[in-house]
Amino acid sequence: MTPPVNGLGLSTRQGIVDGLNRANDDAAVTSIVITGAGGAFSGGADIKEFGTDKSLQEPNLHSVIAAVENSPKPVVAAIHSVCMGGGLELALGCHYRVAAPGCSVALPEVKLGILPGAGGTQRLPRVLGVEAALNMIVSGEAIKSEQKLFDKLVASPEELAAEALAFAQSVADVRPLPLVRNLPCKHPQGDAYFQFARNMVKGMSKNFPAPAKCVDAVEAATKRKFADGLLFERELFINLMWTPESRSLRHLFLAERAASKIPDVPSDTPKRDIKAVAVIGAGTMGGGIAMNFLNAGIPVKMLEMKQEALDRGIATIQKNYEAQLKKGKLKQDKYEQRMALLSTTLSYDDLKDADLVIEAVFEEIGVKEAVFKELDRVMKPGAILASNTSTLDVNKIANFTKRPQDVVGLHFFSPANVMKLLEVVRGDATAKDVLATVMAIAKKIKKTAVVSGVCDGFIGNRMIEQYGRQGGFLLDEGCTPEQVDKAMEKFGMAMGPFRMGDLAGNDIGWAIRKRRYTEKPDMKYSKTADLLCEKGRYGQKTGAGWYDYVPGKRDAIPNAEVVKMIEDHRASLGITPRKISDEEIVQRLVFALVNEAAYILEEGIANKASDIDVVYIFGYGFPVYRGGPLNYANEVGLFNVVQAMNRFAKNPLDDAAFWKPAPLLAKLAAEGKTFN
Ligand code: 3H9
């Protein structure tokens with residue numbers, strides 16, 4: 001047993017082989033059962049061991065499975081809860097499989113940028129059939145205890161141990177022992193089917209090399225002898241393991257789980273009970289936030305100042321759910337259950353029983369002050385008071401109350417019912433049990449939560465400001481918005497910076513810059529975005545921003561007047577435009593994120609580098625296969641990142657002071673280290 005999911009690390013592999021040997025040496029044993037103690041049969045190879053010496057040490061998973069297959073006594077896998085990756089490969093190497101109902105069975109390696117490397121691509125098609133197996137391997141998705149995979153499905157998990165033992169006794173004398181490797185493996189359409197599969201996979205998995213290799217491996221199962229197929233699979237597995245895409249996906253898997261851990265908040269910190277939630281504000285944000293809790297079966301009371309605002313908010317929530325109904329993503333009864341959990345009020349006094357209240361009102365400190373004073377007055381002792389602010393000082397907000405220990409920032413990203421990221425902003429006084437509670441509730445509402453300290457913009461928006469500033473300089477120097485966006489989208493961003501500005505509303509950045517012009521008069525900005533806003537081109541909401549938009553559509557249509565506005569401004573500054581490569585665009589934008597992130601880490605605003613990667617992947621559309629800005633910087637090499645920054649600092653139209661590498665970055669680069 002290796003908690004939490006019986007990952008097949010070295011000690012577990014050795015344990016299985018030792019156990020098998022003991023059982024085979026013991027004359028009193030007639031057959032053998034392998035199962036997993038705790039909450040899983042096995043979650044597969046130990047991902048944390050990848051890239052370390054242990055993963056290479058014998059017995060490797062191949063040797064373990066060979067020992068099982070070659071056991072002179074029958075070996076039965078007793079499968080429950082989770083049977084994934086190497087865990088399923090081990091089970092397929094056993095002579096028999098007995099399973100409990102409702103367990104998750106998968107070969108999810110593709111999600112880590114690799115393929116099943118311990119015979120999964122060769123054995124699964126022999127049991128399930130080629131098409132079903134390939135679908136499972138290429139998607140990595142779990143199926144529920146699939147009959148065909150198992151010799152026996154028991155009635156309930158509680159009966160698994162006794163039933164598996166009885167089954168093992170019933171087959172004790174069966175010889176020869178059945179081996180999956182001896183089953184035939186063919187597809188009636190042969191080459192034509194695999195060509196079709198290749199085309200499908202190619203279209204769906206741009207930038208991800210593993211899925212196409214899965215097709216190759218399964219095809220090999222139909223064409224080669226079993227032992228040759230295994231060797232071929234092994235070669236593909238090792239090659240994929242070294243790709244930057246796999247490194248990034250594995251980084252992200254661990255980063256996402258690490259994000260929920262806060263260094264000074266132990267996992268056994270008591271949590272407060274959250275049975276009812278209140279949301280202040282029924283606008284787009286408030287409504288989206290409410291939906292998250294309704295979806296998780298938690299009742300929500302929404303407060304507004306006027307009945308019309310409440311009616312509008314409810315209508316928007318209904319419209320969103322109805323769209324899901326139409327697409328078949330939601331069933332009518334679920335919709336009704338969710339709407340029944342929603343109630344409204346115009347009075348703060350009605351909120352007093354909520355365990356968690358989230359404020360989503362206008363982003364102005366005076367407005368927040370009024371709200372938090374009211375909440376302090378009405379909320380029951382021990383209730384958690386959260387602000388959805390994206391820019392304001394959470395410490396200041398906490399001090400509007402007499403219970404700053406109960407106040408926390410919960411920064412949802414728009415649309416709040418869709419975006420996975422939740423920045424949890426920890427104030428100076430925020431209590432540890434409040435943090436533990438909101439991290440747990442985040443998981444319940446299916447958000448990926450990352451803790452940020454208090455600073456202007458927290459982790460995500462503080463970094464994006466530097467990214468946006470570089471975008472502005474690029475326009476001044478010779479780019480069009482379209483060129484910058486295309487370069488970033490080719491790099492893999494869901495949206496380039498100008499399309500993103502149009503989506504978020506250019507007026508938001510304008511308001512922040514106006515503040516900066518007085519707070520930080522030395523900070524250099526391009527004026528183009530201000531000129532754009534002066535024309536009222538706020539983005540999609542006004543039908544015009546950096547691009548034009550047709551009502552009801554989100555396609556960005558380049559606008560000649562905007563391009564002329566940029567050219568005129570450039571001319572007024574006496575700048576001769578130059579041709580800027582896509583590589584320079586990508587480096588300047590991404591390394592701007594990286595440098596600011598290094599300050600954020602140094603100041604302790606983020607707990608760890610991987611948290612920043614999680615923020616950018618789940619909140620800002622950074623490409624998954626690049627693993628986040630800091631993982632990308634590690635891949636490029638921090639020395640190379642610093643060299644590029646030194647080059648950018650020499651550009652008189654850029655901001656030399658900004659390009660001075662943050663001390664942490666300079667130190668890591670000089671020591672040949674990474675952000676990890
Ligand atoms: C493989 O098998 C390669 C072979 O084909 C060939 C080899 C030669 N290893 O997700 P959770 C940890 S590749 C190590 O929050 P859940 C996880 O890090 C592997 N650790 O729980 C976390 O630890 P911590 C193929 C693992 O209930 C804890 O378990 N297998 C592994 O929501 C809880 O995780 C996969 O890709 C692992 N394999 O979901 C399976 N798996 O608390 C990936 C989990 O310290 N795993 N952990 O941060 C999953 O899909 C989910 O974790 C699982 C549980 C469904 C198992």
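Me: Where is asparagine 207 found in this predicted model?
Reply: Look at the loop between α7 (191–204) and α8 (210–223); asparagine 207 is found there.

Me: Why is asparagine 207 called partly exposed?
Reply: Its relative accessible area is 37%. Buried would need under 20% and exposed over 50%, so a value of 37% counts as partly exposed.

Me: What is the phi of asparagine 207, and is the value positive or negative?
Reply: Phi of asparagine 207 is near 75°, a positive value in a residue other than glycine. Most residues other than glycine have a negative phi.

Me: Which loop holds serine 81, and what is its phi near?
Reply: Serine 81 is in the loop between β2 (75–79) and β3 (82–84). Its phi is near 55°, again positive in a residue other than glycine.

Me: What makes serine 81 partly exposed?
Reply: The relative accessible area of serine 81 is 30%.

Me: How do you know that the peptide bond from glutamate 58 to proline 59 is cis or trans?
Reply: Check omega: for this bond, it is near -5°, and the bond is cis. Proline 59 sits in the loop between β1 (32–35) and α2 (61–69).

Me: What kind of peptide bond joins proline 3 and proline 4?
Reply: A cis one, with omega about 0°. Proline 4 belongs to the segment before α1 (10–25). Most peptide bonds are trans.

Me: Why is α17 called roughly antiparallel to α23?
Reply: The axes of α17 (residues 458–477) and α23 cross at roughly 150°. Angles over 145 degrees count as roughly antiparallel, so that is what α17 is to α23. The two axes come within 9 Å, and the crossing is right-handed.

Me: Which residues of α17 and α23 meet?
Reply: Among them are Phe458, Tyr467 and Leu474 in α17, and Ile585, Leu589 and Tyr599 in α23. The residues of this contact divide into 14 nonpolar, 3 polar and 5 charged.

Me: How many residues does the largest nonpolar core have, and which have the most contacts inside it?
Reply: This core has 68 residues, and Phe591, Leu665 and Phe675 have the most contacts inside it. Helix α23 (residues 582–602) gives the largest share, 12 residues. Another core, of 61 residues, lies apart from it, including Val75 and Leu236.

Me: What does leucine 665 touch?
Reply: Leaving out residues up to four places away in sequence, leucine 665 touches Val594, Ala598, Met645 and Phe675, among others.

Conventions
Residues numbered from 1 in each chain as written. Predicted model: local features only at pLDDT ≥ 70, side-chain atom pairs only at ≥ 80, totals over all residues. Heavy atoms only, no water. Core = buried A, V, L, I, M, F, W, Y, C linked by side-chain atoms within 4.5 Å. Buried < 20%, exposed > 50% of the residue type's maximum accessible area, 1.4 Å probe, protein only. Helix = DSSP H or I, 4+ residues; strand = E, 2+ residues; numbered from the N terminus. Contact = heavy atoms within 4.5 Å. Axes fitted to C-alpha atoms, helices over the stretch in contact; angles between N-to-C directions. Parallel < 35°, antiparallel > 145°, perpendicular 65-115°, else oblique. Left-handed = near helix turned anticlockwise from the far one by under 90°. Nonpolar A, V, L, I, M, F, W, Y, C, P; charged D, E, K, R; others polar.
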